[in-house]
Amino acid sequence: MNKEDLVWYDRKRHLGLPLSFTKYYIDGDRFFVESGFFTTNIDEILLYRIRDISVKITLGQKIFGVGSITLTSSDKTNPILELKNVKDPRKVKEIFHEKVEAMKDKKRIRVGEILEDNENCNHDDYDYMDDDDDDEYSMN
């Protein structure tokens with residue numbers, strides 16, 4: 001990890017100071033969370049898999065100029081990831097938004113990610129009827 005090549009970098013903060021072993025960074029088309037002192041864990045999410053970005057700033061976080069960002073993604077290992085106590089959370093949210101949209105445009109991903117989640121769709125409810133030339137779908 002070379003800090004000069006990163007799009008964004010921060011650490012989890014305590015009382016507004018970066019006094020932790022949790023690092024967050026965006027490098028090209030991926031987002032990383034690196035945590036731990038004796039044992040280091042590195043989690044990665046491809047930016048185009050991120051579906052939703054939300055910001056939460058409590059009163060205590062407002063006092064220290066930090067906030068938490070929640071990323072909801074279609075990643076199998078980390079579908080919901082929270083970045084706790086990052087500096088300038090609104091600005092960081094916009095950085096994520098711009099990078100995620102750019103990666104989705106680059107990879108031409110729009111509907112595919114949404115349709116990938118088939119939990120709400122029951123294919124058994126559809127009766128696929130084959131008329132002569134028309135392909136019609138009707139509900140049972």
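Predicted model: local features only at pLDDT ≥ 70, side-chain atom pairs only at ≥ 80, totals over all residues.
1. Overall composition. The protein chain contains three helices and nine strands, and along the sequence these follow the pattern β-β-β-β-β-α-β-β-α-α-β-β. Of its 140 residues, 31% count as buried, while the accessible surface comes to about 9,700 Å², with 48% of that area belonging to carbon and sulfur atoms. Among contacts between residues at least 6 apart in sequence, 34% join residues at least 24 apart.

2. The sheet β5-β6-β7. These three strands form an open sheet in that order, with antiparallel pairing. Because β5 and β7 stand at the edges and each has a single partner strand, one side of each is left without a neighbour in the sheet. On average, neighbouring strands are turned by 20° against each other, direction ignored. Between β6 and β7 there are six bridges, and Thr70 has Glu82 in β7 as its bridge partner.

3. Helix α2 and the core. Helix α2 lies across β5, β6 and β7, running at about 175° to β5. The largest nonpolar core has 21 residues, of which Trp8, Phe31, Leu47, Ile50, Leu71, Leu83 and Phe96 touch the most other members. Two or more residues come from each of β2 (23-27), β3 (30-35), β5 (50-56), β6 (66-73), β7 (80-87) and α2 (89-107), and the largest share, five residues, is that of α2.

4. Surroundings of Leu47. Leaving aside residues up to four places away in sequence, Leu47 touches Ile26, Gly28, Asp29, Arg30, Phe31, Phe96, Lys99, Val100 and Met103.

5. Salt bridges. The structure holds four salt bridges. Arg30 and Glu44 form one of them, with their closest N and O atoms 3.4 Å apart; this pair links distant parts of the chain, since Arg30 lies in strand β3 and Glu44, 14 residues away, in strand β4 (residues 41-46). Arg30 counts as partly exposed, at 29% relative accessibility. Lys93 and Glu94 also meet through their side chains, at 4.0 Å from N to O, and here Lys93 is partly exposed at 27%, as is Glu94 at 37%. Salt bridges with shared partners join Asp29, Arg30 and Glu44 into one network.

6. A buried charged pair. Arg13 forms a salt bridge with Asp10, the closest N and O atoms being 3.0 Å apart. Arg13 is buried, with a relative accessible area of 13%, and Asp10 is likewise buried, at 5%.

Methods. Residues numbered from 1 in each chain as written. Heavy atoms only, no water. Core = buried A, V, L, I, M, F, W, Y, C linked by side-chain atoms within 4.5 Å. Buried < 20%, exposed > 50% of the residue type's maximum accessible area, 1.4 Å probe, protein only. Helix = DSSP H or I, 4+ residues; strand = E, 2+ residues; numbered from the N terminus. Contact = heavy atoms within 4.5 Å. Pairing = 2+ DSSP bridges. Axes fitted to C-alpha atoms, helices over the stretch in contact; angles between N-to-C directions. Areas by Shrake-Rupley, 256 points an atom, 1.4 Å probe, with all protein chains shown as cover.
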